[in-house]
Amino acid sequence: MSNSARPAPTADPAAYRDLIAGSVRDPEEFWGAAARDIDWIRRPQTVLDSSRAPFYDWFPDGVLNVCYNALDRHVVHGRADQTALIYDSPVTGTQRSYTYAELLDQVARFAGVLRNLGVAKGDRVVIYLPMIPEAVISMLACARIGAVHSVVFGGFAPAELAARIEDAEPTVIVSASCGVEPTRIVEYKPMLDEAIERSSHKPAHTVIVQREQATAQMGERDLDWKTLMKPDAIPTAECVPVQSTDPLYILYTSGTTGKPKGIVRDSGGYATALRWSMTNLYGVQPGETWFCGSDVGWVVGHTYIVYAPLLTGATTVLFEGKPVGTPDAGAYWRLIQEHGIVAAFSAPTAIRAIKKVDPDAKLLADYDLSSLRTLFLAGERLDPDTWQWATDALGVPVIDNWWQTETGWPITINPMGIGALPIKPGSSGPATAGYDVQVLDPTGTPVAPGVEGAICIRQPLPPGTLPTLWRDDERYVDSYLSAFPGYYLSGDGGYVDEDGYVFIMGRTDDVLNVAGHRLSTGSIEEALAGHPSVAECAVIGVRDALKGQVPRALVVLKAGIESDAEGEQALQAELIQRVRSEVGAVAALNRVDVVDALPKTRSGKILRKTMRQIADGDEALVPSTIEDVTVLDGLRGVLEAQA
Ligand code: COA
Ligand code: AMP
């Protein structure tokens, strides 16, 4: 079950600690040097501007174009014929490669299309696409003309898409006729039409990629991708210079409420951090092939499918498939062999799914994985069992790394490019450059090593992390900076050990993590509460062997609504369907219990955390402010029942 991959160099832990301490002490020096790997139109004279603290600006006087850095400069410097993007789609039986020159041609052409449709610098473009090359082309085309893209994950339903359209106010939306899931075709166009219908903001145009698996009905607003992209139909667009602090994209993520947070990503800071991280943290050099099995709709996809590998001049694999079932649990191993992948990145859930189907990793024997140096896993806690299984099966270092949509790149990781540090299963590794990670107690005092608390990062955060929320500085401060002034509140709890290794134990708020997908309890609750029979409801995330967590719902019916067991079953099915069509299939809600009342504090706050602890079989902390403890006691049986 092992192979002959070349071992990673080892790093000296003390020297690495010094390097990181230096990056925190003197960010100007550290990131000023890293910025030299980016081609600037006007080189920044100032590295970090703290004059607006608690808001920070990286490279404020720098001017660049991120698309130029991801494509044009590689073409100029001899990589025109190197493969930039490999599209590998077992669900459609397609494989297609683009050299840097070919990808540049497509991107410049689509940038021309967008400009022709009235998209100017600073305008937003929503991208609602499956894992097809047009997604990457659209993102880079926006970057080329200084437009701000906002990619919406294809698994989200119309209401979620509508909320993002409403907030981002796009000039154009790019979408497709369908996505292809292993067992069904998901028609995107009706969902797009419904989302636009629901939103008070209407885009001027929608550009639709017609796929052969389904044909979208075209309306007045809709334009066909292929027609627009015909050679010479519309002049190509050149790169537009943007300020380093200009937004490259907005990516919406789940908070605790139903209203998603528009995480803003800047241009120069992000490009600098990503280029540095690709080689120093993930150990990938220009010209090497890398695979990240996320989705372009998530931050991991933005950063490590699209921007970081292309900024590095590496080859990136865009995989339209699943770790299992497309066609089998050897899908990742095939990719590694076929494309000569040197490092791969996925989520622990994917490994658990492979392990479930192929527990002895027998399928590995069919493939030559000698190119693979490292497997990186992130998106949720990497449990030691899964880590051990992957380590034994692959015979290469399996590296956990912790990050969030907000940070855009890892906060903690074992720096495989600089050199491997000892691995501690259960830990996502030590903090990396620019992150001063501190665990605070409720009074805001740093705790001793090994003691659990709120994981926070002392400001300023390094480049590439969120400068604010889209058009909402106040919510940015309220959500992240007000709990402990001077610190960014990550929302995760855990501890740091004597050696500086961080152990993430889970969210301290009500955010769910289902198969590495971040979802809000609030949006699922909103969908349930919209049902005419529901008086109130609560959603909790309970432990799941495959997906890490799955949601469970408890609903209280309106007075006077009574039903027999059959009626209750029908209602439960309706509620599950409602969440599927309002939030999306990814929510994976499959258990709803009708209960008499929900446990609350005297001020009316629902005790989700206590219910979650009971459902998980953990010690339940019942707050002294509970309004009526008998309500909670009455629910124990329901909560303890397996989903
Ligand atoms: N468009 C439309 N529907 C989608 C979708 C998309 N882009 N992605 C997922 N869905 C649907 C699925 O078809 C499924 O629908 P179903 O209930 O009708 O079967 C539902 O959403 C749940 O999907 P998923 O979470 O993918 O679960 P699964 O049971 O189909 O597969 C795994 C389980 C482990 C194979 C899968 O979750 C996986 O590959 N996870 C990797 C996680 C990952 O990359 N996370 C990103 C963070 S790094
Ligand atoms: P997202 O913003 O979708 O990337 O989700 C971020 C959240 O996922 C974090 O706040 C964590 O709760 C969780 N997460 C991500 N990576 C890890 C990890 N390596 N270990 C534990 N939790 C993680």
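**Helix packing and local contacts in a predicted model**

In this predicted model, Ser428 touches Asp400, Asn401, Trp402, Thr412, Ile413, Val502 and Ile504, when residues up to four places away in sequence are not counted. Ser428 is found in the loop between strand E21 (412-413) and strand E22 (429-430), and one of the residues it touches, Thr412, is also joined to Ser428 through a polar contact of 2.7 Å between the two side chains. With a relative accessible area of 2%, Ser428 is buried, because any residue under 20% relative accessible area is placed in that class.

Once neighbours within four places in sequence are left aside, the residues in contact with Ser177 are Val186, Glu187, Tyr188, Lys189, Ile208, Val209, Gln210, Arg211, Ala214, Thr215 and Ala216.

Beyond its neighbours within four places in sequence, Asp509 is in contact with Thr256, Gly491 and Arg612. Asp509 and Asp492 stand 17 residues apart in sequence, and their C-alpha atoms are 7.8 Å apart in space.

One of the contacts of Asp509, Arg612, is among the buried residues of helix H17. Helix H17 (residues 608-615) is mostly covered, with 7 of its 8 residues buried, and these buried residues are Arg608, Thr610, Met611, Arg612, Gln613, Ile614 and Ala615. The elements that cover them include E26, H15, strand E29 (534-544), strand E30 (548-557) and helix H18 (629-640). Just after H17, Gly617 takes a positive phi of about 75°.

Helix H15, which is one of the elements covering the buried residues of H17, is itself mostly covered, as 7 of its 9 residues are buried. The buried residues of H15 are Thr521, Gly522, Ser523, Ile524, Glu525, Ala527 and Leu528. At the start of this helix, a side-chain oxygen of Ser520 reaches to within 3.0 Å of the backbone nitrogen of Gly522.

Two packed helices are described by the angle between their axes and the distance between the axes. For helix H15 (residues 521-529) and helix H16 (residues 565-582), the axes come within 9 Å and cross at roughly 125°. The two helices are therefore oblique to each other, and their crossing is right-handed. On the H15 side the contact is made by Ile524, Ala527 and Leu528, and on the H16 side by Leu575, Arg578, Val579 and Glu582. By class, the residues of this contact divide into 5 nonpolar, no polar and 2 charged. The spacing of such contact residues can be read against the geometry of the helix: an α-helix has 3.6 residues a turn, so residues three or four places apart point the same way.

The crossing in which H3 passes H4 is left-handed. The contact is made by Cys67, Ala70, Leu71, Asp72, His74, Val75 and Arg79 of H3, together with Tyr100, Ala101, Leu103, Leu104 and Val107 of H4. By class, the contact of H3 with H4 has 9 nonpolar, 1 polar and 2 charged residues.

Helix H3 also holds His77, which is exposed, with a relative accessible area of 59%. The C-alpha atoms of His77 and Arg518, two residues that lie 441 places apart along the chain, are separated by 39 Å.

Terms used
Residues are numbered from 1 along each chain as its sequence is written. Chains are lettered from A and ligands numbered from 1 in the order in which they are written. This is a predicted model: local features need pLDDT of at least 70, side-chain atom pairs count only at pLDDT 80 or more; totals for chains, interfaces and linings use all residues. Side-chain values use heavy atoms; hydrogens and water are left out. Axes are lines fitted to C-alpha atoms, for helices over the stretch in contact, and angles run from 0 to 180 degrees between N-to-C directions. Helices (H or I, at least four residues) and strands (E, at least two) are DSSP runs, numbered from the N terminus. Angles under 35 degrees count as roughly parallel, over 145 as roughly antiparallel, 65 to 115 as roughly perpendicular and the rest as oblique. A crossing is left-handed if the near helix is turned anticlockwise from the far one by less than a right angle, and right-handed if clockwise. Contact means heavy atoms within 4.5 Å. Ala, Val, Leu, Ile, Met, Phe, Trp, Tyr, Cys and Pro count as nonpolar, Asp, Glu, Lys and Arg as charged, and the others, Gly among them, as polar. Buried means under 20% relative accessible area, exposed over 50%, partly exposed in between (1.4 Å probe, protein chains only). A polar contact is a pair of N or O atoms within 3.5 Å; within protein, one must be able to donate a hydrogen and the other to accept it, and residues adjacent in sequence count only if both atoms are side-chain atoms.
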